[in-house]
Amino acid sequence: MSPISSIPPALNTAPTVSRLMLGVALTLGTPALALACATCGCSLSSDAAMGYSAETGWRVSVDYTFINQNQLRSGRSSVSASQAAAINDAGGSQEVENKTINRYTNLGISYTPTPEWNITATIPYIDRSHTTYGNAGAANLTADNLSGATSSGIGDIKLVTSYQGWLPTHNLGVQLGIKLPTGDYGGQNVVTGATVGHHPVFFSSGPNAAGSQALDTSLQPGTGSTDLILGAYYYQPVSQDFDAFVNGQYQFAIAHKLDQANADFRPGNQANISFGLRYEANPKLVPQVQINLTHKSADQGALADTANTAGTVAYLSPGATVEVASRLHVYGFVQKAFYSQLSGYQLFPRWSANIGASLAF
């Protein structure tokens with residue numbers, strides 16, 4: 001893949017920024033998947049991991065994210081399950097979640113007809129397992145009170161159009177996209193217990209299964225909502241060997257299929273901002289570090305866990321991109337949160353990992 005021909009020689013000090021950098025215009029819209037319990041989700045900017053470009057043609061990408069939410073947190077601190085359960089002992093109502101393991105696989109297909117325009121479809125596959133003690137008291141945090149569910153399937157597909165014709169260097173872009181309600185979604189009417197939505201997943205073990213209870217609506221493969229996606233990005237060589245980048249995205253629901261009384265659900269709005277540096281001395285191996293910021297407002301509706309789904313998280317994400325063959329690049333990153341401010345009680349990952357590959361043709 002050749003560098004962006006429109007970047008003047010004075011700016012073309014880091015050729016890999018143009019060679020690598022579009023494969024992920026496929027995925028600027030990718031991270032905001034159906035989030036597993038609130039604020040934790042894939043926030044890595046795979047745009048910056050692979051790079052933006054104005055090169056015309058097709059590109060196919062695949063990425064995989066592993067997120068093991070096994071730490072219960074509230075505010076800025078970790079808490080024990082017994083601390084959450086104490087709320088129930090005092091007469092309150094607080095779900096005491098145990099663990100959620102998320103495995104996200106995204107297929108991206110991108111077409112760039114001109115250096116100014118790009119259109120991308122992102123198709124996610126979600127594999128999620130979840131266990132919870134429900135509203136148990138501190139004395140009932142035992143294996144026989146643990147309920148489990150597994151959900152898997154196609155999630156909500158995204159279509160994103162990018163325009164990067166504002167500058168002759170094509171290093172400033174804006175994006176407009178839509179998330180479609182293609183994944184299974186739903187739950188149960190909180191008054192009648194009737195199933196609502198499209199093929200929602202139910203618990204398969206424990207007391208919740210015995211009670212024929214549906215998995216939380218926020219943990220289903222899809223949200224049932226149509227969301228608008230707004231984004232922008234900018235990258236710039238800052239020396240002979242370093243490139244800096246910043247990108248952002250805002251996603252919010254404009255329509256939701258779960259809109260009946262006692263059975264409505266609207267996912268919270270979410271904003272992601274990423275910035276960082278890429279070291280370009282060797283175009284075949286590009287180390288990188290990202291800072292990823294995520295802010296999510298609370299889910300709304302009778303099927304929403306409103307008290308436990310909002311928050312702000314900041315991640316440090318070191319990784320690298322490798323050219324393994326002509327026009328084929330792979331990357332790997334590890335994410336570690338260094339700040340969190342979470343409402344209520346939420347499961348949180350101690351770390352997460354992301355790998356991906358991109359092929360241009």
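Predicted model: local features only at pLDDT ≥ 70, side-chain atom pairs only at ≥ 80, totals over all residues.

Biologist: OK. What does the accessible surface of the protein come to?

Modeller: About 13800 Å². Carbon and sulfur atoms hold 62% of that area.

Biologist: And how many of the residues count as buried?

Modeller: The protein has 361 residues, and 53% of them count as buried. Buried means under 20% relative accessible area.

Biologist: What's the secondary structure?

Modeller: Four helices and 17 strands. On contacts, take those with a separation of 6 or more: 71% are between residues 24 or more positions apart.

Biologist: Switching to pockets. What volume does the largest pocket have?

Modeller: About 540 Å³. Its lining counts 23 residues.

Biologist: Which residues lie nearest the centre of that pocket?

Modeller: E95, Q213, D216, L303 and D305.

Biologist: How does the lining divide into nonpolar, polar and charged?

Modeller: Twelve residues are polar, eight are nonpolar and three are charged.

Biologist: Now the helices. Which residues of α3 are buried?

Modeller: Helix α3 covers residues 81-89, and its buried residues are A84, A85 and N88. Viewed down the axis of α3, they fall within an arc of 95°, so they line one face of the helix.

Biologist: What do the buried residues of α3 pack against?

Modeller: Two strands: β1 (57-75) and β17 (328-360).

Biologist: What happens just after α3?

Modeller: G91 is there, with a positive phi of about 95°.

Biologist: Where does H199 lie?

Modeller: In the loop between β9 (195-198) and α4 (206-210).

Biologist: Is H199 buried or exposed?

Modeller: Exposed. The relative accessible area of H199 is 57%, and the cut-off for exposed is over 50%.

Biologist: And where is S212 found?

Modeller: In the loop between α4 and β10 (225-237). S212 has a relative accessible area of 47%, so this residue counts as partly exposed.

Conventions: Residues numbered from 1 in each chain as written. Heavy atoms only, no water. 1 Å grid on protein atoms, 1.4 Å probe; cavity = no way out; pocket = protein on both sides within 12 Å on 5 of 7 lines; lining within 4 Å. Points joined across faces, edges and corners; volume = space filled by probe spheres on them. Nonpolar A, V, L, I, M, F, W, Y, C, P; charged D, E, K, R; others polar. Buried < 20%, exposed > 50% of the residue type's maximum accessible area, 1.4 Å probe, protein only. Arc of directions from axis to C-beta. Contact = heavy atoms within 4.5 Å. Areas by Shrake-Rupley, 256 points an atom, 1.4 Å probe, with all protein chains shown as cover.
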